[in-house]
Amino acid sequence: MNELLKALIVSGSLGALVGLERQWDEQVRHPEARIPAGLRTFTLIALLGTLCAHFSNLLHPAVFAAGLLALALWMGAYIFSRKDEKPGAGLTTAASAAMVYLIGGTAHSKE
């Protein structure tokens with residue numbers, strides 16, 4: 001099996017586990033609440049980390065850093081948009097997203 005495909009399966013599965021836990025926890029605590037980032041979001045973030053690591057190996061090492069920066073900007077915009085609802089909202093989600101991105105990058109090994 002192709003190494004990239006293996007890495008995508010592993011990282012997607014790990015991202016899905018993190019997203020499932022976050023979604024489940026939020027739904028148990030607040031059944032009517034809208035879940036901002038759950039199973040699908042964290043799966044996609046992990047896959048993004050794996051793909052950025054892959055293209056970092058093929059193109060330029062800065063690709064992985066650029067992906068992390070884009071994720072940080074996206075999470076920063078999310079936190080900024082929620083600052084009026086409650087201060088500090090979304091910090092755990094942003095930290096979890098960054099860690100899942102890094103896990104996705106770690107799942108990809110140099111070929």
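Which residues does leucine 102 touch, not counting residues up to four places away in sequence? They are Phe64 and Leu68, where a contact means heavy atoms within 4.5 Å. Let us start with the whole chain and come back to this residue later.

## About the model

This is a predicted model, in which local features need pLDDT of at least 70 and side-chain atom pairs count only at pLDDT 80 or more, while totals for chains, interfaces and linings use all residues. Residues are numbered from 1 along each chain as its sequence is written, and side-chain values use heavy atoms, with hydrogens and water left out.

## The chain as a whole

The protein chain has 4 helices and 0 strands, and from the N terminus on its elements run α-α-α-α. Helices (H or I, at least four residues) and strands (E, at least two) are DSSP runs, numbered from the N terminus. Along the principal axes, the C-alpha atoms fill a box of roughly 45 × 25 × 15 Å. Among contacts between residues at least 6 apart in sequence, 70% join residues at least 24 apart.

Of the 111 residues in the protein chain, 32% are buried. Here buried means under 20% relative accessible area, exposed means over 50%, and partly exposed lies in between (1.4 Å probe, protein chains only). The accessible surface comes to about 7,100 Å², and 67% of it belongs to carbon and sulfur atoms. Accessible areas come from the Shrake-Rupley method with a 1.4 Å probe; for residues, only the protein chains shown count as cover.

What about charge? The chain has 9 positive and 8 negative charges, and their mean positions are 3 Å apart. Lys and Arg count as positive and Asp and Glu as negative, with His and the chain ends not counted. Each charge is placed at NZ of Lys, CZ of Arg, CG of Asp or CD of Glu.

Helix α1 has 27 residues and reaches 39 Å from its first C-alpha to its last, close to the 39 Å expected at 1.5 Å a residue. The expected span is 1.5 Å times one less than the number of residues in the helix. The buried residues of α1 are Leu4, Ala7, Ser11, Gly12, Gly15, Ala16, Gly19 and Arg22, and they pack against α2 and α4. Glutamine 23 also lies in α1, but this residue is partly exposed, with a relative accessible area of 24%. From glutamine 23 to histidine 54 is 31 residues along the chain, and their C-alpha atoms are separated by 28 Å.

Buried residues of α2 include Phe42, Ile45, Ala46, Cys52 and His54. The buried residues of this helix pack against α1 (3-29), α3 and α4.

## The nonpolar core

Which residues form the largest nonpolar core? It has 11 residues: Ala37, Phe42, Ile45, Ala46, Cys52, Leu71, Met75, Ala94, Ala97, Val100 and Tyr101. The elements that give two or more residues to this core are α2 (39-58), α3 (62-81) and α4 (91-107). A nonpolar core is a set of buried Ala, Val, Leu, Ile, Met, Phe, Trp, Tyr and Cys residues joined through side-chain atoms within 4.5 Å.

Leaving aside its neighbours within four places in sequence, isoleucine 45 is in contact with Leu71, Trp74, Ala97, Val100 and Tyr101.

Is threonine 93 buried or exposed? Threonine 93 counts as buried because its relative accessible area is 9%. This residue sits in helix α4 and, apart from neighbours within four places in sequence, is in contact with Arg22, Ala37, Phe42 and Met75. With neighbours within four places set aside, serine 96 is in contact with Arg22 and Phe42.

Leucine 102, the residue of the opening question, has its place in helix α4. At 33% relative accessibility, leucine 102 counts as partly exposed. Its C-alpha atom is separated by 15 Å from that of glycine 19, 83 residues away along the chain. In helix α3 you will find alanine 65, which is partly exposed with a relative accessible area of 46%. Alanine 65 and cysteine 52 are 13 residues apart in sequence and 8.4 Å apart in space, C-alpha to C-alpha.
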